[in-house]
Amino acid sequence: MARKRRIGISTTIPLEPLLAASAVPVDLNNRFIGSENPIQLIEEAQVRGFPRNICTWIKGLYSASADVDLVIGVVRGDCSNTQSLLETLESEGRPVHPFSYPYDRSREAIVDEIEGLCGLLGCTMDEAEQASGRLQELRNIALSIDERRWRELSVSAEDCHLALVSTSDLCSDAEGWEGRMSSILEKNKDTSSQDEGVRLGYIGVPPIITDIFPRIEGSGARTVLFEVQRQFAMPSKRGDWIGRYLDYTYPYDISGRVEDIRTEVKRRRIDGLLHYVQSFCHRQIDDIIFRRELDVPILTLEGNLPGPMDERTLIRLESFIDVLEEGG
Amino acid sequence: MIPELSFLEEMEMGQKLGVDAGSTSTKFAFLKDGRISTSIMDTSRFLYGKMAECLVGFDVVSTGYGRKRIPSARPIPEIRAHTLGVLKSTGLEDFTLLDIGGQDFKVVRVEKKGIRDFHMNDKCAAGTGRFLEKMSAMLGMSMAELGSFRGNEKILESVCSVFTETELISLMVEGATRERLAEGVIFSVYERVRPLLRMFPCDTIVFTGGVSRCSGLAMTISVGLSVDVMVPERSQFMGAIGALSARNVKNPSKALS
């Protein structure tokens, strides 16, 4: 049997064409942060000339892409550094493909983009559509874990985060992914409801701080919303499979994200938000709008290098939780 | 008994003690004859000299970087501790707290005795006590002398402590006077905290922490922002006094210990 092509992705993209074409998605972020020595991967990129003061993820993505057959980078809707990443890889003779979530959020444009993926990988739109049902079934498993988290606290925050964030590439194992989710549920089956504590929502890109969710739990708070991770699982129930990539909030204008967060803050009875931002990322600017538009206390946490939470961040986190516990 | 901890001999076992184990110095606050008394020592001596063990048997509430390194202490977050300390020490109910310590600064907006919002510096210690220590050494001045200067204008361009050292050397070579450079250093600290203070506009700023002893900086802030800057008595001890006066302090959770 021919070896399946391994397709590196820079963030969540429509996975249907990959699954229809029997290609293996490899989320390079997960590959980077889950590697044995992510700091080494950053250094490798810096040795190749990546600047020290640029987003760590981009450097990690670069190094983590070494053994994939093709890199699909999202050049609009995620991170503009990705364009330079793709051009760098291309200049080194690596196959790359730019994908864009359209600025105008139009169906025509997203269909064009998805057709582009189908053409690239060698499948038809019909075949992609056929793959969509099973894909959403899998994503819905992660969404059900998210429900258990915020409704009952009967799944740990860390496991909920991992379940949601892994929907971007199904751990490069679409067949075995459901089994992984069953393991999470099995592991948590005896988890009794924890003390309520302050209920926090995590907004922003997935964290580079490796122990952030256990740290939050250890500080006496409960994370009950994982904004972008949940979006990776395409929670929108409206429309068809293509429509889900238009309802997906993360790559489009911030008003959609604000609306989604506002709804979930109310539904999940959230007391405060943690806005995670990556050093040197343009999304740090979003903080202004979140603070203006969301009527709930916000603590902004910045991460740069992968690793456990530093003492300074912990002090800020504990102070925030303390203030929320005291009712402001 | 270590001189800085000799006060323990006069305390009864089980008596409450507030400890602020900061990045540079560890401060203690306790009641003596019904009044708050304080003591201070180097944090490195306190933590590495295993002196925290001397506190076993007392009812210790701790804050600061080393708050979890003290056996049997109940830790509280810094923002709460410092705010409580100021409330206890000043009687004010509405103010913006500026605390500049050894390696951090915090700005807390307090309204009707409650914490409304706060900011702490992140990822960079420029403008903190360590920065001033470095600069005073470079200028051949004591901290007290450096802290007496008032900054009026921007002289140093860099936003980084390390680069500022380089810049200082260049200006020295060009013939700038020590006094002018000292004014520049103070002004650069003011510029560092100014945006945070402007986020919480208020008529009264309560300035605490080790750096609050720099009277020239307090004056620079007051003139620059047209506000009253109040430096309470024992301004370096607000965290310890807050820890001493904290109520409803939980025992540390297992996950934190």
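Visitor: Which conventions apply here?

Guide: Residues are numbered from 1 along each chain as its sequence is written, while chains are lettered from A and ligands numbered from 1 in the order in which they are written. In this predicted model local features need pLDDT of at least 70, side-chain atom pairs count only at pLDDT 80 or more, and totals for chains, interfaces and linings use all residues; side-chain values use heavy atoms, with hydrogens and water left out.

Visitor: How many helices and strands does chain A have?

Guide: Helices (H or I, at least four residues) and strands (E, at least two) are DSSP runs, numbered from the N terminus. Chain A has 15 helices and eight strands. Its radius of gyration is 19 Å, close to the 20 Å that the globule rule gives for 328 residues, so chain A is as compact as a globular protein of that length. That radius is taken over C-alpha atoms, and the rule is 2.2 Å times the number of residues to the power 0.38.

Visitor: And what is there in chain B?

Guide: Chain B has eight helices and ten strands. The globule rule gives 18 Å for its 257 residues and the radius of gyration is 19 Å, a close value, so chain B is as compact as a globular protein of that length. Its C-alpha trace spans about 60 × 40 × 40 Å along the principal axes.

Visitor: Into which domains is chain B divided?

Guide: Domain bounds come from an automatic or database domain assignment. Here, chain B has domain 1 (3-79 + 239-245) and domain 2 (92-236). Their centres, taken over C-alpha atoms, are 26 Å apart.

Visitor: How many residues of these two domains are in contact?

Guide: Contact means heavy atoms within 4.5 Å. Twelve residues of domain 1 of chain B touch twelve of domain 2 of chain B. Buried area is the accessible area (1.4 Å probe) that two parts lose on being put together, summed over both; for these domains it is about 1,000 Å², 53% of it on carbon and sulfur atoms.

Visitor: Which side chains meet in a salt bridge?

Guide: The term needs a side-chain nitrogen of Lys or Arg within 4 Å of a carboxyl oxygen of Asp or Glu. The count between the two domains of chain B is one. B:Lys106 and B:Glu78 form a salt bridge at 2.7 Å, N to O.

Visitor: Which elements give two or more residues to the domain 1 side?

Guide: On the side of domain 1 of chain B that touches domain 2, they are strand S2 (25-32), strand S3 (35-42) and helix H2 (78-90) of chain B. S3(B) provides the largest share, four residues.
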